[in-house]
Amino acid sequence: MVSVNNVTELIITGLFQDPEVQKVCFVLFLPVYVATVLGNGLIVVTVSISKSLRSPMYFFLSYLSLVEICYSSTVVPKFITDLLAKVKTISLKGCLAQIFFFHFFGVTEILLLTVMAYDRYVAICKPLYYTTIMSKTVCHHLVAGSWVGGFFHSMIQIFITLPLPFCGPNVIDHYFCDLHPLFKLACTDTFVVGVIMFVNSGLFSVFSFLFLVSSYVVILFNLRNHSAEGRRKALSTCASHIMVVVLFFGPAIFLYLRPASTYTEDKLVAVFYTVITPMLNPIIYTLRNAEVKNAVKKLWGKKVNSSLE
């Protein structure tokens, strides 16, 4: 079925309506986005340069940081610039593109977090076979599989959205394009596509979260057989991973498993996982990991020394 669209441009209501509040949000969120790009970018550069961060865990961490930059950049730059605009608009094609890349990078991140959990499981539960199981080829395949999985997930989202006719109104009650608010503008029944989205996004997030939690429960259970120092180091690493998993999945599950709504608190929850969480991830991984901190210090130490020479 080919959709007939009278709507070619959409108006975005934004996070708040008060112009003064929007200016305050601009001042708050611009540094957050800059910190997100610089913090995650620093991890990508540090892992790629540092010889001490050659293990699979850091290989996956660098790709996770890269995905965080891309994920945040699909929403936040336009969101920030819209805070200073009187009328916030986006083309229908631009809206669909934002939905595609938002879900593409979001699901890629979920799959990377799953890969990282598997990596920790092998490292802690099967240490003698770790280098054999997590070979360089396997690591590259796992990362590639994460990107491919994100792509197919997003293609499903777009395929169920493209046939929908949009004949008005054209106001999206959100600060970025997502499926829930866009479906409300379709001039046809969206129950079936809503169910598909619920399975593709909501249940996928829940099952991924339960799998990750189960993985870390198994890992923590197996730590009983390790030395005190080994337990301390493993707990520190796993704690970082668990914090990131909870911060990412909590808001996503809250939104995608509920009926569509236009409550302001829903928008604020979305702000948390689109703006705040991508900034927190490099802080969490860096502060709780001595190897990353030392590698960053060495990297910047070399930069400072070379600039003084």
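**View 1. Helices α6 and α8 pack side by side in opposite directions.** The axes of helix α6 (residues 136-161) and helix α8 (residues 191-222) come within 10 Å and cross at roughly 170°. Axes here are lines fitted to C-alpha atoms, for helices over the stretch in contact, and angles run from 0 to 180 degrees between N-to-C directions. Helices are DSSP runs (H or I, at least four residues), numbered from the N terminus. The angle makes α6 roughly antiparallel to α8. Angles over 145 degrees count as roughly antiparallel, under 35 as roughly parallel, 65 to 115 as roughly perpendicular and the rest as oblique. From α6, the contact uses His153, Ile156, Gln157 and Ile160; from α8, Val193, Ile196, Met197, Asn200 and Ser201. Contact means heavy atoms within 4.5 Å. Five of these residues are nonpolar, four are polar and none is charged. Nonpolar covers Ala, Val, Leu, Ile, Met, Phe, Trp, Tyr, Cys and Pro; charged covers Asp, Glu, Lys and Arg; the others, Gly among them, are polar.

The model is predicted: local features need pLDDT of at least 70, side-chain atom pairs count only at pLDDT 80 or more, and totals for chains, interfaces and linings use all residues. Residues are numbered from 1 along each chain as its sequence is written, and side-chain values use heavy atoms, with hydrogens and water left out.

**View 2. Helices α4 and α8 are roughly parallel.** Their axes come within 9 Å and cross at roughly 15°. The crossing is left-handed: the near helix is turned anticlockwise from the far one by less than a right angle, whereas clockwise would be right-handed. On the α4 side, the contact residues include His103, Val107, Arg120 and Cys125. On the α8 side, they include Ser201, Phe204, Tyr216 and Asn222. The contact of α4 with α8 holds 15 nonpolar residues, seven polar and one charged.

**View 3. Helix α2 runs roughly parallel to α6.** The axes of α2 and α6 come within 10 Å and cross at roughly 25°. This crossing is right-handed. Pro56, Phe59, Phe60, Tyr63, Leu66 and Val67 of α2 touch Cys139, His140, Leu142, Val143 and Trp147 of α6. Of these residues, 10 are nonpolar, one is polar and none is charged.

**View 4. The largest pocket holds about 490 Å³ of space.** A pocket is found on a 1 Å grid over the protein atoms alone, as an open set of points with protein on both sides within 12 Å along at least five of seven lines; a cavity is a set where a 1.4 Å probe fits but cannot get out, and lining residues have an atom within 4 Å of a point. Grid points are joined across faces, edges and corners, and a volume is the space filled by probe spheres set on the points. The lining of the largest pocket has 18 residues; Met57, Arg120, Lys233, Thr237 and Glu291 lie nearest its centre. At least two lining residues come from each of α2 (56-73), α4 (92-125), α9 (228-256) and α11 (290-308). Helix α9 gives the largest share, six residues. The lining divides into seven nonpolar, six polar and five charged residues.

**View 5. The second largest cavity holds about 60 Å³ of space.** The structure has three cavities of 30 Å³ or more. Four lining residues are nonpolar, four are polar and none is charged.
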